[in-house]
Amino acid sequence: MPNPTKPRKGKKKLFIALLSLVLAVTLVADILMFGVFASALDKAFVDNNVDQDLVDQATANGLAVAQQIEEEGAVLLENDGALPLSAGKINLLGYASCSPVYGGTGSGGSTFLDNRVDFVSALTQAGFEVNSALTDMYAAFVEGGENTFSVDFSINEPAATEELAADMGQTFMYTGDCSFDALKEYSDTAVIVFSRKGGEGNDLPTIMTDYTTYAPDQSKHYLELNSAELSLLEQAKATFSKVVVLINTGNAMELGFLDGASQGNPDAAGDIDAALWVGDVGDVGTVGVANILNGTVNPSGRTADIYPYAVETIPSYYNFDTFEYTNSNSCFEAFDSHPAYLLEYQEGIYVGYRYYETRTSYDYVTREGEQVTGAGYDDVVQYPFGYGLSYTDFTWEVTDATASGSVGQSDVLTFTVKVTNTGSAAGKDVVELYYTAPYYTADQGGSGIQKAQVVLGAYAKTELLQPGESGTVTLTLPVENMASYDTGYYTTTGSYVLEAGDYTISLRTDSHTVNDNMTYTYTVDSNLAFADEGSAKAGVDVTCVGKRSTDAVTAVNHFDDVAGDVAYMTRDTWEIVPGSSREATEEQLEAFRTALEVDQSYVDESDTAPTFGAHNGLTLNDLKGKDYDDPMWEDLLDQLTIDDINLMVGANGWGCPAVESVGKAQTYDMDGPAALSYVFDAFAGTCTYKTVTYPCEVVTASTWNTELAKAFGDAISQEGQAWNISGWYAPGANMHRNPFTGRNFEYYSEDPCLAGTMCAAAVGAAQANGMYCYVKHFALNERETQRHYGLCTWANEQAMREIYFVPFEMAVKDGNSTGIMSAYNNLGTTWAGGSKALLTDVLRNEWGFQGTVLTDNNEEHGFMDIEVAITAGGSTLLYGFGQKTCDTLAQTASGQLLMREAAHQYLYTVANSYATDNVDTMTTWRVIAIAVSAVLYVATIGGIATLAVSGRKKQSV
């Protein structure tokens with residue numbers, strides 16, 4: 001007979017095996033959850049144990065500030081008297097009226113949408129009756145949606161004629177109640193919304209081949225109207241007596257269609273009654289726009305970028321494509337064998353209006369291949385930088401113009417301007433101060449230092465002035481700010497230089513228009529170099545006067561290698577060479593191969609290892625408000641262990657784990673430039689932080705009101721404190737080098753003075769409230785495409801110092817920022833986050849920065865290494881899903897000292913924030929995970945034991 005015990009034994013073994021597997025899986029899961037990914041899970045599953053009253057107060061304040069930013073940042077481009085509109089019925093046209101751009105994507109996006117007010121709701125609240133037939137029609141045309149990192153650049157506009165709709169493969173939508181005859185019967189006024197979006201990781205298309213199948217539009221670029229949009233504009237002009245256009249984008253579009261000019265846009269519609277640029281509007285910017293349209297608010301914004309008719313006239317247009325080092329793939333075999341890429345800032349200092357205001361005639365090639373020669377300013381520029389209209393008029397009177405101090409070192413020019421509202425509506429005005437430095441061409445025996453004809457030096461915005469009312473603004477310009485950077489004509493070291501001659505100061509309504517001949521002359525009698533004594537070149541007439549007053553040490557050349565072999569544009573020839581792919585040199589290839597090698601020059605055999613693990617009884621709270629070099633820091637740092645330091649420098653993404661030895665609680669840091677948000681919520685379909693989305697940074701810059709930038713920094717830091725967010729990955733301080741840059745929406749302007757003052761104001765207010773700001777991305781991060789993989793950016797030191805560094809410099813010097821985020825790209829062949837010249841020589845030594853340099857998001861891109869960063873002057877790695885360790889640095893006393901200093905930098909940043917008030921509590925996910933694990937351990941171990949005992953008992957029987 002068969003033995004019945006054998007099947008039972010087999011089942012028991014199977015059960016024991018299954019229980020053992022469950023036990024093993026539980027053990028591995030616990031190691032991953034509570035070890036490798038503990039910090040990431042803490043940040044992914046945040047317990048928002050917040051004070052709801054504080055949240056409500058911060059939200060209400062934020063929404064009010066957001067609306068005010070839009071109301072002062074929107075720019076009135078055209079108006080023949082059509083605006084303001086009387087309350088009543090209007091036709092709201094354009095697909096973007098149904099699906100506007102509220103903000104950018106990626107780190108600039110937000111998953112919390114409950115505060116958003118669409119155009120229809122905002123206009124209705126403002127007293128307008130919006131044609132619902134159009135709203136329903138656009139909603140049915142195509143389903144819109146939010147993108148995270150992959151932006152769809154298709155232009156979803158229904159064609160406005162039946163013939164064009166058929167050609168484009170669309171269903172014709174303007175029928176029935178939406179026919180143009182029916183629309184005109186509803187209202188003789190049309191408001192049309194055109195939008196363009198931008199986002200992280202993508203630059204805007206310079207050709208639309210991948211985004212449309214309609215042949216006439218394939219050769220166009222994203223920043224011009226497509227055929228469907230132009231058809232809508234033409235039909236609107238032919239149908240309605242009033243046509244108002246809203247431009248809903250953070251990128252500078254070609255806007256020739258507004259004024260009828262055909263330059264660079266042969267299909268231009270023109271003759272628009274009024275146009276208002278509104279940017280990315282955020283949650284409630286539409287309310288501000290509606291208030292401008294009905295006249296409740298008088299627009300006072302000014303353009304933060306120049307608007308040429310054709311992108312082909314922009315010098316950087318010819319060096320903005322994707323160019324490869326064709327022989328470099330083998331250097332990146334560990335990273336998908338991709339090539340290195342190159343980007344040349346060949347235009348030098350001639351960015352934006354500095355180019356257009358300096359050159360007197362313009363040569364370029366249109367998209368159609370037509371050669372244009374000798375075009376004039378008015379032929380190529382539609383709207384100057386700093387341009388904007390108003391519903392009222394103003395006159396200016398200079399009541400005081402003085403210079404004080406000693407030439408070249410502490411001299412400050414001060415202008416007091418009385419502004420009078422001579423119109424019939426209350427409004428605000430902007431006074432802009434520009435300077436023109438003497439230029440001495442090399443061909444005529446001069447220095448050849450490049451100088452723009454016009455440079456913004458200061459600006460001021462009035463308070464709200466009632467009709468007939470006057471107000472006074474004061475503009476100050478330190479003379480040393482007019483110095484140009486000279487890489488070697490006057491000194492052996494390179495230096496900022498004020499060349500002898502007359503400096504013309506002009507008060508303007510925009511970069512091109514001097515107001516009432518308000519020009520002044522300031523004379524520098526002799527050449528002055530901000531250089532150390534003995535630096536002057538032999539035989540050169542120059543006086544060295546020491547460092548600039550704002551620098552900690554004298555500025556000298558640090559980036560000769562970043563200039564490369566590029567032929568930079570000069571105002572003598574204006575020659576630009578279009579970019580191209582090419583082979584890398586052997587020196588460049590070697591730099592790519594050794595990019596991850598830690599420079600061992602930091603090792604000093606005489607260094608003594610620091611103390612670790614001391615018990616001095618201090619906590620980070622004890623260092624709050626202490627100077628960076630306070631002796632108490634040494635005692636606190638002695639309490640750290642190597643593991644503590646590795647945790648802070650190698651696992652600091654969206655916050656940093658708690659460090660018990662110094663009483664540092666878990667911190668939380670969040671994106672982004674227009675809303676505090678956890679970007680990975682977009683992937684999870686959740687919303688961790690229910691915060692306000694503000695208008696994009698370009699709108700803030702377009703207010704030309706630093707008080708509003710302060711209000712923004714104050715508001716977003718109030719929200720941060722309410723939500724227990726102590727660190728902010730913002731503001732973005734890169735430049736609008738080119739209108740196709742994908743993240744222009746989260747950068748301020750093409751001008752460093754405007755961008756820098758706005759950035760410093762926002763950072764200063766946030767820091768004062770206790771939120772630390774990682775101003776990003778330092779530096780030359782003006783391109784998104786292929787940004788991760790050895791993108792070699794080539795620029796001369798003059799352009800770097802006079803354009804691209806300035807907003808970061810002002811954030812440090814004027815905004816007291818204790819945080820900086822380094823960039824993905826290379827400076828030359830050196831990763832920006834591993835550039836000692838950038839992070840130590842300039843940022844820390846020259847500018848006197850004290851605090852944390854955080855890398856951009858690591859994401860395992862390969863070329864980013866925390867040890868390379870620390871040896872260069874960096875502090876910590878933005879890495880949210882694991883931990884990197886400094887194994888090489890930890891082996892020597894010199895390396896340990898560098899690690900300790902990096903920890904000092906980070907802890908100093910946290911100590912000077914409200915993060916010191918954080919209290920560590922066990923997060924809900926940990927409680928649940930511990931409970932589930934305990935149950936599984938008890939069940940599996942108990943089950944295995946029971947089966948084993950049961951088996952032995954039966955065996956003994």
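Helices α21 and α23 are roughly parallel to each other, because the angle between them falls under the 35 degrees that marks this class. The model in which this pair is seen is a predicted one.

- Two packed helices are described by the angle between their axes and the distance between the axes.
- Helix α21 covers residues 752-769 and helix α23 covers residues 806-813, and their axes come within 8 Å of each other while crossing at roughly 30 degrees.
- The crossing of α21 and α23 is right-handed.
- On the side of α21 the contact is made by Pro-752, Cys-753, Ala-755, Gly-756, Thr-757, Cys-759, Ala-760 and Val-763, while α23 contributes Val-806, Pro-807, Met-810 and Ala-811.

**The open sheet β13-β14-β17**

- Three strands, in the order β13-β14-β17, form an open sheet in which the pairing is antiparallel.
- The edges are held by β13 (394-404) and β17 (470-478), each of which pairs on one side only.
- Neighbouring strands of this sheet are turned against each other by 20 degrees on average, with direction ignored.
- Strand β14, residues 412-421, is joined to β13 in the antiparallel sense by ten bridges, and among the bridged residues Thr-402 has Thr-414 of β14 as its partner, while Trp-396 stands opposite Val-419 in β14.
- β14 is also joined to β17 by nine bridges, and these two strands run antiparallel; here Val-417 stands opposite Val-473 in β17.
- Eight of the ten residues of β14 are buried, so that this strand is mostly covered.

- Strand β26 (residues 772-778) runs parallel to β28 and is joined to it by three bridges, with Tyr-774 standing opposite Gly-819 in β28.
- Three bridges also join β28 to strand β31 (residues 852-857), and this pair runs parallel; the bridge partner of Gly-819 in β31 is Thr-852.

**The six-stranded sheet**

- Six strands form an open sheet with mixed pairing, and their order is β1-β6-β5-β4-β2-β3.
- The edge strands of this sheet are β1 (75-79) and β3 (129-130), and each of them pairs on one side only.
- Strand β2 (residues 89-93) is joined to β3 by two bridges, and the two strands run parallel, with Lys-89 standing opposite Glu-129 in β3.
- Helix α9 (residues 227-239) packs on this sheet and touches β2, β4 (189-195) and β5 (242-248), and the direction of α9 makes about 165 degrees with that of β4.

**The buried residue Ser-484**

- Ser-484 lies in strand β18, which covers residues 484-486.
- Ser-484 counts as buried because its relative accessibility is 7%, which falls under the limit of 20%.
- If the neighbours within four places in sequence are left aside, Ser-484 is in contact with Ile-449, Gln-450, Lys-451, Ser-495, Tyr-496, Val-497, Gln-798 and Glu-802.

How values were computed. Residues are numbered from 1 along each chain as its sequence is written. This is a predicted model: local features need pLDDT of at least 70, side-chain atom pairs count only at pLDDT 80 or more; totals for chains, interfaces and linings use all residues. Side-chain values use heavy atoms; hydrogens and water are left out. Axes are lines fitted to C-alpha atoms, for helices over the stretch in contact, and angles run from 0 to 180 degrees between N-to-C directions. Helices (H or I, at least four residues) and strands (E, at least two) are DSSP runs, numbered from the N terminus. Angles under 35 degrees count as roughly parallel, over 145 as roughly antiparallel, 65 to 115 as roughly perpendicular and the rest as oblique. A crossing is left-handed if the near helix is turned anticlockwise from the far one by less than a right angle, and right-handed if clockwise. Contact means heavy atoms within 4.5 Å. Two strands pair if DSSP finds at least two bridges between them. Buried means under 20% relative accessible area, exposed over 50%, partly exposed in between (1.4 Å probe, protein chains only).
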